[in-house]
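Reader: I have a model open and want to learn how to read it. Can we take it one feature at a time?

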Amino acid sequence: DAAEKGDYRHFMLKEIHEQSRVVQATMEGRLTDRRVLEQALGTDAENLLQDVRHVQIIACGTSYHAGMVARYWIEELAGIPCSVEVASEFRYRKHVIQPDTLFLCISQSGETADTLAALRQAKEAGFRAALAICNVPGSSLVRESDLVIMTQAGPEIGVASTKAFTTQLTALLLFTLALARRNGLPEAEEADMVQALRQVPGQIDQVLALDTPIARLSEAFVDKHHSLFLGRGSQFPVALEGALKLKEISYIHAEAYPAGELKHGPLALVDSEMPVVTVAPNNALMEKLRSNLEEVRARGGELFVFADEAVGLAEEPGVHVMNMPSVHPITAPIVYTIPLQLLSYHVAVLKGTDVDQPRNLAKSVTVE
Ligand code: G6P
């Protein structure tokens, strides 16, 4: 056990640190300098992607958050409507299936009971084809899908998923770009995104270098019982994933909200006992986010902001700013996930919880 962990204290920390390598491995052989190689997404990719007019994504847990990010990408870059739903809800309701809908399951293990049940139903229900994004070759999901894009995360031992998530995002962005090209994404824009994707492993390493200052920030959470995570746009699912990580391993109640919903409820909870974590890459929504942050400050809430250094947010009493490298808005969700993983990890270590095997949770939920 100890040998496999190498010099790391926990599998989760080891897996967090593997992310630049496994994200790189997931794009390896699937990109040129300017474009995604569609054939590398599977022999049948060309045929199956041909007439896709709608995408239905199904997943559970962290994989569901990856699906939520993908929805922003698919609608923005491919201009195709995309719905996302947790498998346990999807499988128990009636659906209106649009013609030529691709059914897309995301699962680290490929054995999650609800996801498999949803897939089996979908096959009867008239979806065009089933695509799987999965980390385990030979899993039930892989065997039962028409097209598979494997993530190359390697075995993930920590129950709280980390490297599986960032490799899922990588695979989903590759898929989105392939779909987008068929739907009119200009060559130059694809090249721009491919370049952005190629920079992600280096940017992940830059964020991992913030480990010590993030560990210091984590001290402010140890004696707290509640926390709020805010993000806008494709950073909202990143906030959800950050909150899930904190819940899973530190047992601190964490809620994520799209920042614009703050005044519709959660603002009533904000006081000095409620740390507010925000992810703020320098994108079009930054100015709006800035005013949300002021609202939190005005109620005495303590802010922990992970912001693009170009945003120029100042440290002040009650506002802790962690400067992040400048990243392309499209790839920002991948990079901004990393500091939130580190934050949860360090809070859990300080609280002395069982980081790799949190109470009541299983790595793979194979029964309903
Ligand atoms: C469990 C795990 C999570 C995971 C979820 C979905 O709840 O603890 O980390 O995200 O299952 O698993 P899957 O293997 O389908 O991605």
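Predicted model: local features only at pLDDT ≥ 70, side-chain atom pairs only at ≥ 80, totals over all residues.

Reader: Where does Thr-166 sit?

Author: Thr-166 belongs to helix H9. That helix covers residues 163-182.

Reader: Which residues is Thr-166 in contact with, leaving aside its neighbours within four places in sequence?

Author: There are contacts with Gln-19, Val-23, Ile-334 and Thr-337. For a comparison point, take Gln-121. It lies 45 residues from Thr-166 along the chain, and 28 Å separate the two C-alpha atoms.

Reader: Which strands does H9 lie across?

Author: H9 lies across S3, S4 and S5. Its direction makes an angle of about 145° with S4.

Reader: Now the sheet. What is the order of its strands?

Author: Read a sheet by order first, then by direction. Here 5 strands form an open sheet in the order S2-S1-S3-S4-S5, and the pairing is parallel. Strand S2 (82-86) and strand S5 (147-150) are the edges, each pairing on one side only. From one strand to the next, the twist averages 20°.

Reader: Which helix lies across S1, S2 and S3?

Author: That is helix H5, residues 61-78. It runs at about 165° to S1, the strand at 54-59.

Reader: How many bridges pair S3 with S4?

Author: Count bridges, then look up partners. Strand S3 (residues 101-107) and strand S4 (residues 129-134) share 6 bridges in the parallel sense.

Reader: Is S4 mostly covered or exposed?

Author: Check a strand residue by residue, then by side. In S4, 6 of its 6 residues are buried, so the strand is mostly covered. Ala-129, Leu-131 and Ile-133 point one way. Ala-130, Ala-132 and Cys-134 point the other way. Both sets are buried.

Reader: Which strand pairs with S6?

Author: Strand S6 (residues 226-231) runs parallel to strand S7 (residues 253-258), and 6 bridges join them. His-226 has His-253 of S7 as its bridge partner. Helix H12 (residues 235-250) carries the chain from S6 to S7 in a right-handed β-α-β crossover.

Reader: Last, the ligand. How many residues surround it?

Author: Begin with the count, then the makeup. The ligand is surrounded by 15 residues. Gly-61, Thr-62, Ser-107, Ser-109 and Thr-112 are the closest.

Reader: How does that shell divide into nonpolar, polar and charged residues?

Author: The shell holds 4 nonpolar, 10 polar and 1 charged.

Reader: Which element gives the largest share of the shell?

Author: H5 does, with 3 residues. That is the helix lying across S1, S2 and S3.

Definitions and conventions. Residues numbered from 1 in each chain as written. Pairing = 2+ DSSP bridges. Helix = DSSP H or I, 4+ residues; strand = E, 2+ residues; numbered from the N terminus. Axes fitted to C-alpha atoms, helices over the stretch in contact; angles between N-to-C directions. Contact = placed C-beta atoms within 7 Å. Near = placed C-beta within 6 Å. Nonpolar A, V, L, I, M, F, W, Y, C, P; charged D, E, K, R; others polar. Buried ≥ 20, exposed ≤ 12 C-beta atoms within 10 Å, placed from the backbone. Right-handed = clockwise from strand over helix to strand, strands pointing away.
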